[in-house]
Amino acid sequence: MTTEDPRWLTPEEQATWRALTSLLVRLPAALDAQPRRDAGITHFDYQVLSQLSERPGRRLRLRELATLVDSSLQRLSQVVTRLETKGWVERVPDPADGRTTLAVLTDAGFEKVVATAPGHAAEVLDLAIDPLDPERLRRLREVAERIVGTIEETR
């Protein structure tokens with residue numbers, strides 16, 4: 001494709017793109033509002049705490065955790081620092097590899113996840129799951145996985 005011959009979106013593609021961009025802006029904001037209101041944390045904080053709660057020993061290497069929560073290591077490190085000040089997460093050296101650091105969910109952090117999870121699940125169900133029948137839900141997952149796969153291939 002040359003700069004003299006740009007490819008433009010069709011009206012159907014344009015409508016789809018606008019719907020997708022609206023979703024990409026509105027859904028994160030809506031998902032962030034619920035834990036802020038009900039638990040005093042961000043949706044990203046909840047993702048970090050939740051991922052740790054699901055791991056053996058409630059611990060994970062920071063680099064692996066960053067991948068699981070779709071974050072840069074720098075952003076995750078800032079969030080972990082904030083969660084440490086609240087007593088919900090600790091950083092410890094990885095006994096298997098002293099060059100890496102583990103994020104460890106504390107008992108207080110686990111209690112925070114347990115208290116926050118029901119509201120989060122209800123919000124996800126209300127906003128993103130219940131409006132779709134099983135076939136649309138399956139197709140949404142497939143579309144999301146395909147787009148994420150394309151992004152990963154181009155990185």
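Ala, Val, Leu, Ile, Met, Phe, Trp, Tyr, Cys and Pro are taken here as nonpolar, Asp, Glu, Lys and Arg as charged, and the others, Gly among them, as polar. The model is a predicted one, with local features needing pLDDT of at least 70 and side-chain atom pairs counting only at pLDDT 80 or more, while totals for chains, interfaces and linings use all residues. Residues are numbered from 1 along each chain as its sequence is written, and side-chain values use heavy atoms, with hydrogens and water left out.

On that basis, the lining of the largest pocket splits into 26 nonpolar, six polar and six charged residues. A pocket is an open set of points on a 1 Å grid over the protein atoms alone, where a 1.4 Å probe fits, with protein on both sides within 12 Å along at least five of seven lines; lining residues have an atom within 4 Å of a point. The largest pocket holds about 1,800 Å³ of space, a volume being the space filled by probe spheres set on the points, which are joined across faces, edges and corners. Of its 38 lining residues, Leu 24, Leu 27, Asp 70, Ala 144 and Val 148 sit nearest the centre. Two or more lining residues come from each of helix H1 (11-39), helix H2 (43-53), helix H5 (107-129) and H6. H1 contributes the most, with 11 residues. Helices are DSSP runs (H or I, at least four residues), numbered from the N terminus.

Now for the charges. With a salt bridge taken as a side-chain nitrogen of Lys or Arg within 4 Å of a carboxyl oxygen of Asp or Glu, the tally is 14. In helix H1, Arg 36 and Asp 32 are four residues apart, so about one helical turn separates them; their side chains pair up at 2.6 Å, N to O. Glu 84 bridges to Arg 91, with the closest N and O atoms 3.0 Å apart. Asp 133 and Arg 136 meet at 3.9 Å, N to O. Shared partners also tie Glu 135, Arg 138, Arg 139 and Glu 142 into one salt-bridge network.

Helix H6 (residues 134-154) also carries Val 143, which counts as partly exposed because its relative accessibility is 46%. Val 143, Ile 147 and Ile 151 make up a nonpolar surface patch, with about 240 Å² of accessible area together. Such a patch takes nonpolar side chains (Val, Leu, Ile, Met, Phe, Trp, Tyr) within 5 Å, from residues with over 30% relative accessible area and no salt bridge; accessible areas come from the Shrake-Rupley method with a 1.4 Å probe, and for residues only the protein chains shown count as cover.

Note on methods: Patches are made of residues with over 30% relative accessible area and no salt bridge: like charges are joined within 9 Å, nonpolar side chains (Val, Leu, Ile, Met, Phe, Trp, Tyr) within 5 Å. Buried means under 20% relative accessible area, exposed over 50%, partly exposed in between (1.4 Å probe, protein chains only).
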